[in-house]
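Me: I'd like to learn how to read cavities and salt bridges in a structure. Could you take me through an example?

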Amino acid sequence: VLLPGLVVIRDFLSLEQQKQILSNVRDLGIGPGGFYTPSYRDGAELNLTMMCMGLHWEPRTGSYQSARTEHDGATPPLIPPGL
């Protein structure tokens, strides 16, 4: 236990499994509805790039949405089986 709620389980996933997850997420991120830079209500951009899967988290309203209506209207990719 590193912190309350944060646990490291060594060797839970093999290196090959980790690489496959990374590859799958990267492919989703560069596709439609993938990685983007969110912004605040005033239009200032956050200093990060993110991607939602399944539903979009809208930081301006603090709610989940089916599409990035406040940004570009893109629909986030579905959560892939196995994740």
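Me: How many cavities of 30 Å³ or more does a search of the whole structure find?

Reply: Rolling a probe the size of a water molecule over the atoms shows where empty space is left. On a 1 Å grid over the protein atoms alone, a cavity is a set of points where a 1.4 Å probe fits but cannot get out; lining residues have an atom within 4 Å of a point. Here the search finds one cavity of 30 Å³ or more. Before going on, note that this is a predicted model, where local features need pLDDT of at least 70 and side-chain atom pairs count only at pLDDT 80 or more, while totals for chains, interfaces and linings use all residues. Residues are numbered from 1 along each chain as its sequence is written, and side-chain values use heavy atoms, with hydrogens and water left out.

Me: How much space lies in the largest cavity, and which residues line it?

Reply: A volume is the space filled by probe spheres set on the points, with grid points joined across faces, edges and corners. The largest cavity holds about 40 Å³. Its lining consists of Tyr36, Pro38, Ser39, Glu58, Pro59, Arg60, Glu70 and His71.

Me: Is glutamate 58 buried or exposed?

Reply: Buried means under 20% relative accessible area, exposed over 50%, and partly exposed in between (1.4 Å probe, protein chains only). Glutamate 58 has a relative accessible area of 3%, so it counts as buried. This glutamate 58 sits in strand E1 (residues 56-58); strands (E, at least two residues) and helices (H or I, at least four) are DSSP runs, numbered from the N terminus. Leaving aside residues up to four places away in sequence, glutamate 58 touches Ser63, Gln65 and Glu70, where contact means heavy atoms within 4.5 Å.

Me: How many salt bridges does a search of the whole structure find?

Reply: Look for a side-chain nitrogen of Lys or Arg within 4 Å of a carboxyl oxygen of Asp or Glu. The search finds three salt bridges. One of them joins arginine 68 to aspartate 72, with the closest N and O atoms 2.8 Å apart. Arginine 68 is buried at 4%, whereas aspartate 72 is partly exposed at 46%.

Me: What separates glutamate 16 and lysine 19 in helix H1?

Reply: About one helical turn, because they are three residues apart in helix H1 (residues 15-29). Glutamate 16 and lysine 19 form a salt bridge, their closest N and O atoms being 3.6 Å apart. Glutamate 16 is exposed at 54%, and lysine 19 is partly exposed at 46%.

Conventions
1 Å grid on protein atoms, 1.4 Å probe; cavity = no way out; pocket = protein on both sides within 12 Å on 5 of 7 lines; lining within 4 Å.
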